[in-house]
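Dear colleague,

Please find the structure below, together with its sequence.

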Amino acid sequence: MKKLLLIFAIGAFYNATAQQFDKKLVLKQMISANDYFMQKWPETGKTIITNKERPSNIWTRGVYYEGLMALHEIFPKDAYYDYAMSWSEFHKWGFNGGNTTRNADNYCAAQTYIDLYNLEPDSKKLKNTKANLNMLLNTPQLDDWSWIDAIQMGMPVFAKMGVLEKDNRYFEKMYQMYMYSRNKHGDHGLFNPKDGLWWRDADFDPPYKEPNGEDCYWSRGNGWVIAALAKVLTIIPENAPHREQYAKDLKAMAAALVPIQRPDGFWNVSLHDPTNFGGKEASGTALFIYGIAYGVNNGILKKETYLPVIEKAWNALTKESLHENGFLGFLQSTGKEPKDGQPLSYDKIPDFEDYGLGCFLLAGSEIYKMK
């Protein structure tokens, strides 16, 4: 009798989970959020004005187009392709800072340029990307990614180019730059293996402390890293060098995130100090969903452990962040630490709405792929 009850309970749990991850509903939620943004920004080349005017190919918009291309992969609507093409053409497939930029925020746009090239090859699409990446590949610097956001902006570009060019040099350079950030930036690297989390940059490694005495681990910053690991593992071949390192680090981060998930499903802005701007935040939560869901989908993470985590987080995002009109609340504005852009709320509009949407679309796309 007990065995039958256990089997029934397990079956009920997975049935409930399957209902939560109904593909039609997930896709509808993604479309709603994306439609809101595309309708608000019909001109893809329009400059972004906050405290100053910026071109629309900066990192915030680059991250949005990462998400849009992920949506296009599972729902290839012409309007999405045309929107990405219009943006790319407006910027002449180039970068803020030009082809000599070493700032990963600037060449983040290449992720979408390469995706569009793969759909319809045309040499003009990658002229600037190849010039910039060749410069990075053939100069000795390894310390460009001195803040952890840059890992997500830059790593997938190297991974995509390595696949496209069938050239392991891109994979090797990517690994060397990643490991420099991991083990050498700051005093002893930006990754703390003890806690399985990353300091945002050298400003936050010890002896810097949060008010409660804990290390400062910023939610979205750690989200960028786990998302980068998931994306790179998606891109590179199974036999690519250093794949095991990325999978190992993704597992360590996922394990660290489980016990600090909030009861409501979000993660705090400050991961280890809920008293210091520790409230729920959508972009970090979305990135954690994306990385963890990728791990489950590809056998890196145990489904029975992580599926409830994903379910709780996605329910939180879609019920407490996503508005009926597609607007996303509880998105922290740009910054580098928990206090930036505070306070957050359901209705507050962040300084940039684009990158939070990109994170949401990445999360939804990986949930959509779940069996």
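Is Ala159 buried or exposed? Ala159 has a relative accessible area of 0% and is therefore buried (under 20% relative accessible area counts as buried, over 50% as exposed and anything in between as partly exposed, with a 1.4 Å probe and protein chains only).

The structure is a predicted model, in which local features need pLDDT of at least 70, side-chain atom pairs count only at pLDDT 80 or more, and totals for chains, interfaces and linings use all residues. Residues are numbered from 1 along each chain as its sequence is written, and side-chain values use heavy atoms, with hydrogens and water left out.

Ala159 belongs to helix α8 (residues 149–165); helices here are DSSP runs of H or I with at least four residues, numbered from the N terminus. Leaving aside residues up to four places away in sequence, Ala159 touches Phe171, Met174, Val232, Ile235 and Ile236, contact being heavy atoms within 4.5 Å. Between Ala159 and Leu344 there are 185 residues in sequence and 35 Å in space, C-alpha to C-alpha.

With residues up to four places away in sequence not counted, the contacts of Ile292 are Ile226, Ala254, Leu257, Trp267, Leu301, Tyr306, Val309 and Ile310.

The axes of α3 (residues 59–74) and α4 (residues 78–90) come within 10 Å and cross at roughly 150°; axes are lines fitted to C-alpha atoms over the stretch in contact, and angles run from 0 to 180 degrees between N-to-C directions. α3 is therefore roughly antiparallel to α4 (over 145 degrees; under 35 counts as roughly parallel). Residues making this contact include Tyr64, Tyr65 and Leu68 of α3 and Tyr80, Tyr81 and Trp87 of α4.

α3 also packs against α6 (residues 110–119), at an angle of about 30° and with the axes 8 Å apart, so these two helices are roughly parallel to each other. Gly62, Tyr65, Glu66, Met69 and His72 of α3 meet Gln111, Thr112, Asp115, Leu116 and Leu119 of α6.

Yours sincerely

Definitions and conventions: Angles under 35 degrees count as roughly parallel, over 145 as roughly antiparallel, 65 to 115 as roughly perpendicular and the rest as oblique.
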